[in-house]
Amino acid sequence: MIKFLDLQKINLAYQQEIEEKLLHTFRSGWYLLGNEVKNFEDNLTRYIGSKYAIGVANGLDALRLILRAYIELGIMQKGDEIIVPANTYIASVLAISDNGLVPVLVEPDLNNYNIDITKIEDKISPKTKGIMIVHLYGRIIFSDDLKNIAAKHNLKIIEDNAQAIGAEWKGIRSGNLGDAAGFSFYPGKNLGALGDGGAVTTSDDELAKTIRALANYGSNQKYINIYQGLNSRLDELQAAVLDVKLKYIDTDNDRRREIAERYVLEVKNPNIILPELLDNGKEHVWHLFVIRTSEREKLQNYLTENGVQTLIHYPIPPHKQGAYREMNELHFPITDKIHSEVLSLPISPVMSNEEVLKVINVLNSAQS
Ligand SMILES: *Cc1c(COP(=O)(O)O)cnc(C)c1O
């Protein structure tokens with residue numbers, strides 16, 4: 001069986017270095033807010049090109065903290081609206097509503113599954129304060145038009161960069177395109193920890209200071225609390241692992257690109273819609289390789305029977321979830337179509353060429 005994602009193999013690729021770092025951290029007796037987090041933050045800052053990186057507990061917290069900090073700074077207030085793609089993982093939307101802000105959903109472009117930038121301006125109201133872009137599946141969504149819309153309406157651009165670490169647009173890394181970005185180091189992400197982890201990157205001095213305090217009980221100085229904060233920190237142990245893996249993220253992403261290119265060029269099945277290969281391959285890090293088919297269940301079963309594990313990202317869109325009953329009647333036909341047709345193939349830096357070929361052959365022999 002070709003696993004959708006072989007996490008054991010992914011981490012064992014760096015076994016010796018990771019074990020040494022873990023042992024070192026374990027023996028150091030210092031487990032929170034120490035050198036490992038500091039080193040990782042410095043290296044992530046350098047890698048992304050931002051002025052700051054702040055380790056936090058997970059990707060959802062990273063996004064929550066960015067918006068909460070804008071509220072504390074008086075740039076946003078409860079009831080304000082944030083534009084967000086209708087086609088995303090629910091965490092993007094949760095970060096907004098959790099802060100008492102109102103998510104305003106925008107349809108995706110069927111060709112790239114990301115927010116349709118041409119549909120954003122129609123949704124802007126006097127209450128709109130930000131646009132959360134999500135580089136879904138690892139593909140950057142950004143343009144000069146988007147920048148101009150944000151500038152014209154005085155909106156913050158927040159990047160949900162959970163899926164696209166390492167991607168670049170015109171030489172700028174994702175996470176450094178907007179005003180602030182949230183990263184997830186959930187084990188299955190391109191840069192994955194051995195548990196939960198996340199980070200915020202930004203070049204905004206005030207925002208960085210506020211987020212650092214908010215994530216540490218609202219304290220900017222021991223036992224001095226200026227905000228009603230939360231506890232959302234990146235562990236030293238996780239930072240130690242992430243610091244090892246960050247060194248290899250470009251190599252890992254390049255391997256993902258090789259596999260994606262083979263899938264796109266070699267899968268020849270008229271019932272399968274493949275993702276676009278970009279002229280500038282750097283804009284995509286292929287966190288997920290997502291195909292579409294109108295007969296998804298049949299194809300998924302066939303793949304399973306032939307030893308290829310697949311997953312669906314995602315089966316139910318946020319606006320159709322019980323968590324957002326107030327949005328259940330909203331109409332997002334492109335989002336609904338995507339959710340009913342997508343299927344994610346195995347892709348990871350540790351897949352062998354034989355495995356890639358097997359996936360291609362099984363797809364080419366499928367009748368649906
Ligand atoms: C994984 C993910 C998140 C949340 O990250 P966690 O670390 O799991 O909290 C947010 N947004 C997107 C698009 C994601 O894929």
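Start by selecting Leu23, which sits in helix 2, the stretch covering residues 15-28. What you have open is a predicted model. Leu23 is partly exposed, because its relative accessible area of 38% falls between the 20% and 50% cut-offs.

**Leu33 and its backbone**

You'll find Leu33 in the loop between helix 2 and helix 3, the latter spanning 35-48. With 47% relative accessibility, Leu33 counts as partly exposed. Have a look at the backbone too: Leu33 isn't a glycine, yet its phi is positive, at about 50°. Why stop for that? Because most residues other than glycine have a negative phi.

Asn154 is another stop of this kind, with a positive phi near 55° in a residue other than glycine. To find Asn154, go to the loop between helix 6 (144-152) and strand 5 (156-160). Is Asn154 buried or exposed? Asn154 is exposed, with a relative accessible area of 66%.

**A cis peptide bond**

Next, select His313 and Tyr314. The peptide bond running from His313 to Tyr314 is cis, and its omega is near 10°. That's worth a look because most peptide bonds are trans. Tyr314 belongs to the loop between helix 10 (296-305) and helix 11 (333-341).

**The ligand**

Time to click on the ligand. Which residues surround the ligand? Show Asn58, Gly59, Leu60, Tyr89, Ala91, Val134, Asp160, Ala162, Gln163, Ser184 and Lys189, and you have the whole shell. Color that shell by class and you get five nonpolar, four polar and two charged residues.

Now turn to the oxygen atoms of the ligand and look at these contacts:

- Gly59 contributes through its backbone, where an N or O atom lies 2.8 Å from a ligand oxygen.
- Gln163 uses its side chain, with an N or O atom 2.8 Å from an oxygen of the ligand.
- Ser184 has a polar side-chain atom 2.7 Å from an oxygen atom of the ligand.

How much of the ligand does the protein bury? On its own the ligand exposes 380 Å², and the protein buries 90% of that.

**Salt bridges**

Select Arg212 and Glu41, whose side chains meet in a salt bridge with an N to O distance of 3.0 Å. Arg212 is in helix 7 (residues 205-214) and Glu41 in helix 3, so this pair ties together parts that are 171 residues apart in sequence. Glu41 counts as buried at 9% relative accessibility, whereas Arg212 is partly exposed at 42%.

Go on to Asp6 and Lys3, where the side chains form a salt bridge with 4.0 Å from N to O. Asp6 is partly exposed at 23% relative accessibility, and Lys3 is partly exposed as well, with 46%.

Then jump to Glu295 and Lys298, another salt bridge, at 3.9 Å from N to O. Glu295 is partly exposed with a relative accessible area of 40%, and Lys298 is partly exposed with 47%.

Finish by selecting Lys21, Glu36 and Asp243, which are linked in a network of salt bridges.

Terms used:
Residues are numbered from 1 along each chain as its sequence is written. This is a predicted model: local features need pLDDT of at least 70, side-chain atom pairs count only at pLDDT 80 or more; totals for chains, interfaces and linings use all residues. Side-chain values use heavy atoms; hydrogens and water are left out. A residue is near a molecule or strand if one of its heavy atoms lies within 4 Å of it. A polar contact is a pair of N or O atoms within 3.5 Å; within protein, one must be able to donate a hydrogen and the other to accept it, and residues adjacent in sequence count only if both atoms are side-chain atoms. Accessible areas come from the Shrake-Rupley method with a 1.4 Å probe; for residues, only the protein chains shown count as cover. Ala, Val, Leu, Ile, Met, Phe, Trp, Tyr, Cys and Pro count as nonpolar, Asp, Glu, Lys and Arg as charged, and the others, Gly among them, as polar. Helices (H or I, at least four residues) and strands (E, at least two) are DSSP runs, numbered from the N terminus. Buried means under 20% relative accessible area, exposed over 50%, partly exposed in between (1.4 Å probe, protein chains only).
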